[in-house]
Amino acid sequence: MKDMDIAEVSRRTGVPASTLRYYEEKGLIASIGRRGLRRLFDPAVLERLALIGLGRAGGFALDEISAMLTPGGLPKMDRARLDAKANELDHTIQRLTAIREALRHAARCPAARPMECPTFRRAVRLASAGRFEVAPLGPFKAEPVPATKRKRKTGGVAGSRPH
């Protein structure tokens with residue numbers, strides 16, 4: 001494959017030319033020359049940009065990514081750092097899963113309003129206290145709701161409870 005100008009790299013990767021110039025300024029990628037006013041890149045830049053994209057998607061900062069890429073283009077990945085980031089992502093996934101389940105619960109709960117549901121209220125309290133880190137409630141379980149707080153017969157099941 002022949003050298004590519006910045007427009008071709010941008011087209012192939014979906015990375016805007018302005019971002020490519022910024023990455024070059026930060027030392028993440030390097031052009032190999034110019035064709036007129038356009039920067040030229042070696043085809044290996046495509047793989048390097050893919051690694052940068054993976055790092056960004058994984059939550060690494062550009063400075064962290066830069067530290068994992070050698071000037072010669074080869075990755076020098078710190079396995080302990082990768083493992084720590086994977087653990088961080090596990091934590092984020094657990095937190096987001098708990099939030100998703102609380103929202104699903106609120107959407108399906110037969111209580112007249114979500115804030116009348118004790119299970120959902122507990123989730124809100126945990127979130128406001130910054131403690132919504134792991135699935136705090138486990139699977140949402142039925143909790144009694146006083147009859148006055150249950151849905152009237154407007155599509156809800158009579159006598160059903162929040163779960």
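Predicted model: local features only at pLDDT ≥ 70, side-chain atom pairs only at ≥ 80, totals over all residues.

1. Ser-10. Ser-10 is buried, its relative accessible area being 18%. The residue belongs to helix H1. Beyond its neighbours within four places in sequence, Ser-10 is in contact with Val-15, Pro-16, Ala-17 and Leu-20.

2. The H1–H2 packing. The axes of H1 and H2 come within 9 Å and cross at roughly 110°, so H1 is roughly perpendicular to H2. By residue class, the contact of H1 with H2 comprises 4 nonpolar, 1 polar and 1 charged.

3. Overall architecture. The secondary structure of the protein consists of 6 helices and 3 strands. In sequence order these elements give the pattern β-α-α-β-β-α-α-α-α. Of the 163 residues in the protein, 27% are buried. Where contacts between residues at least 6 apart in sequence are considered, 50% of them join residues at least 24 apart.

4. The largest nonpolar core. Which residues have the most contacts inside the largest nonpolar core? They are Tyr-23, Ile-29, Leu-49 and Ile-52, in a core of 17 residues. At least two residues of this core come from each of helix H1 (6-13), helix H2 (17-26), helix H3 (45-57) and helix H4 (62-67). H3 provides the largest share, 3 residues. As a general matter, nonpolar side chains in soluble globular proteins tend to be buried together.

5. Ile-52 and its surroundings. Not counting residues up to four places away in sequence, Ile-52 touches Tyr-23, Leu-28, Ile-29, Leu-62, Ile-65 and Leu-69. Two of the residues on this list, Tyr-23 and Ile-29, are themselves among those with the most contacts inside the core.

6. A separate core. Apart from the 17-residue core lies another core, of 5 residues. Its members include Ala-106, Ala-111, Cys-117 and Phe-120. Cys-117 is buried, with a relative accessible area of 1%.

7. The cysteines. How many disulfides does a search of the whole structure find? The search finds 0. Cys-109 is in no disulfide, and the cysteine sulfur nearest to its own, that of Cys-117, is 3.6 Å away. Because a disulfide requires sulfur atoms within 2.5 Å, the sulfur of Cys-117, at 3.6 Å from that of Cys-109, is too far for a bond. Cys-109 is also buried, at a relative accessible area of 4%.

8. Gly-33. Is Gly-33 buried, partly exposed or exposed? Gly-33 counts as partly exposed, at 27% relative accessibility. The residue lies in strand S2, which spans residues 33-35. Leaving out residues up to four places away in sequence, Gly-33 touches Arg-38, Arg-39 and Leu-40.

Notes
Residues numbered from 1 in each chain as written. Heavy atoms only, no water. Buried < 20%, exposed > 50% of the residue type's maximum accessible area, 1.4 Å probe, protein only. Core = buried A, V, L, I, M, F, W, Y, C linked by side-chain atoms within 4.5 Å. Helix = DSSP H or I, 4+ residues; strand = E, 2+ residues; numbered from the N terminus. Contact = heavy atoms within 4.5 Å. Axes fitted to C-alpha atoms, helices over the stretch in contact; angles between N-to-C directions. Parallel < 35°, antiparallel > 145°, perpendicular 65-115°, else oblique. Nonpolar A, V, L, I, M, F, W, Y, C, P; charged D, E, K, R; others polar.
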